Amino acid sequence: MSDEKYQAISKAVTEGEDTQAGQLVNEALAAGLPALDILQKGVIPGITRAGDLWKANQFFMPDVILAADAFKAGMAPLEPHLKNGEASRHGKYVIGVVEGDMHDLGKSLVIAMLTSAGFEVIDLGINVPQSEFIAAVKQHHPAVVGMGAYMTTTMLEMKGIIAALEKEGLRKNVKVMVGGVPTSQEYADEVGADAWGKDALDTMQKATKLVGV
């Protein structure tokens with residue numbers, strides 16, 4: 001019976017049914033299903049499927065936006081449970097899409113994977129200016145800060161943010177990750193990041209290594 005609930009959650013997320021996704025997650029929690037299982041077996045497969053359909057040109061931008069909204073609706077009731085348990089054992093991970101960039105399906109996938117791995121994720125959203133990244137690092141003292149970019153024009157922002165972390169004396173206390181379609185390991189090396197996340201799974205695996213897990 002629990003498998004059916006997870007599949008229903010997954011389907012609601014993929015199809016962008018935000019109200020239904022949130023309702024189904026609440027029902028699963030009320031039925032006593034573990035929050036981490038709901039995330040790993042329901043919410044993550046749903047958003048991953050949306051990403052796969054996008055890559056296969058079967059989903060278009062409106063579909064992706066709806067799926068991302070349904071993902072957020074499914075995550076909302078889960079987050080308090082995850083923060084109280086599994087999702088705080090690796091410390092905090094501040095994440096955002098750099099200024100000028102409005103894409104966040106990739107970030108949603110990364111957040112889901114990081115949360116399932118045991119990070120407490122602070123999501124700054126999209127179009128995040130340099131000052132907000134710096135303020136978040138000062139406020140939250142994260143183990144890792146991750147920056148996403150999906151256009152060659154916006155990925156240049158990453159270099160400025162890392163330079164600002166250096167200037168503020170914050171760089172030595174935080175690991176920095178970069179990711180997004182136009183980025184690469186070479187670019188990560190060039191801007192002085194600690195790691196490059198090729199995709200959501202790769203980001204999660206490298207983030208856990210960065211914090212010594």
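**Ground rules.** I am working with a predicted model, in which local features need pLDDT of at least 70 and side-chain atom pairs count only at pLDDT 80 or more, while totals for chains, interfaces and linings use all residues. I number residues from 1 along each chain as its sequence is written, and side-chain values use heavy atoms, with hydrogens and water left out.

I looked up the largest pocket and noted a volume of about 910 Å³. For the record, a pocket here is an open set of points on a 1 Å grid over the protein atoms alone, where a 1.4 Å probe fits, with protein on both sides within 12 Å along at least five of seven lines; lining residues have an atom within 4 Å of a point. Grid points are joined across faces, edges and corners, and the volume is the space filled by probe spheres set on the points.

Which residues lie nearest the centre of the largest pocket? I found L105, G106, K107, L109 and Y150 there, out of 39 lining residues. The elements giving two or more residues to this lining are α3 (35–55), α4 (61–84), β1 (92–97), α5 (105–117), β3 (144–148), β4 (175–179) and α9 (200–210). My element names follow DSSP runs numbered from the N terminus: helices are H or I with at least four residues, strands are E with at least two. By class, I get 20 nonpolar, 11 polar and 8 charged residues in the lining. In this scheme Ala, Val, Leu, Ile, Met, Phe, Trp, Tyr, Cys and Pro are nonpolar, Asp, Glu, Lys and Arg are charged, and the others, Gly among them, are polar.

**The aromatic pair.** I counted 1 aromatic pair, using rings of Phe, Tyr and Trp (its six-membered ring) with centres within 6.5 Å, where planes under 30 degrees apart are stacked, over 60 edge-to-face and the rest tilted. Y93 and F119 form this edge-to-face pair, at 5.8 Å centre to centre with 85° between the planes. Y93 sits in strand β1 and F119 in the loop between α5 and β2 (120–123), so the pair ties together parts 26 residues apart in sequence. I checked burial too (buried is under 20% relative accessible area, exposed over 50%, partly exposed in between, with a 1.4 Å probe and protein chains only). Y93 is buried at 1%, and F119 is buried at 0%.

**Helix α7.** In this helix (residues 157–167) I marked M158, I161, I162, A164 and L165 as buried. Down the axis of α7, its buried residues fall within an arc of 155°, so they line one face of the helix; the arc is taken from the directions from the helix axis to the C-beta atoms. E166 and K167, on the other side of α7, are exposed.

T208 belongs to helix α9 and is buried at 13% relative accessibility. Its side chain reaches the backbone oxygen of Q205 at 2.7 Å. L36 is in helix α3, buried at 16%. I also noted 11 Å between the C-alpha atoms of L36 and M113, which are 77 residues apart along the chain.

**Positive phi.** N57, in the loop between α3 and α4, has phi near 60° without being a glycine. Is N57 buried or exposed? It counts as exposed, at 59% relative accessibility. H141, also not a glycine, has a positive phi of about 50°. H141 lies in the loop between α6 (130–140) and β3 and counts as exposed at 63%.

Terms used:
A polar contact is a pair of N or O atoms within 3.5 Å; within protein, one must be able to donate a hydrogen and the other to accept it, and residues adjacent in sequence count only if both atoms are side-chain atoms.
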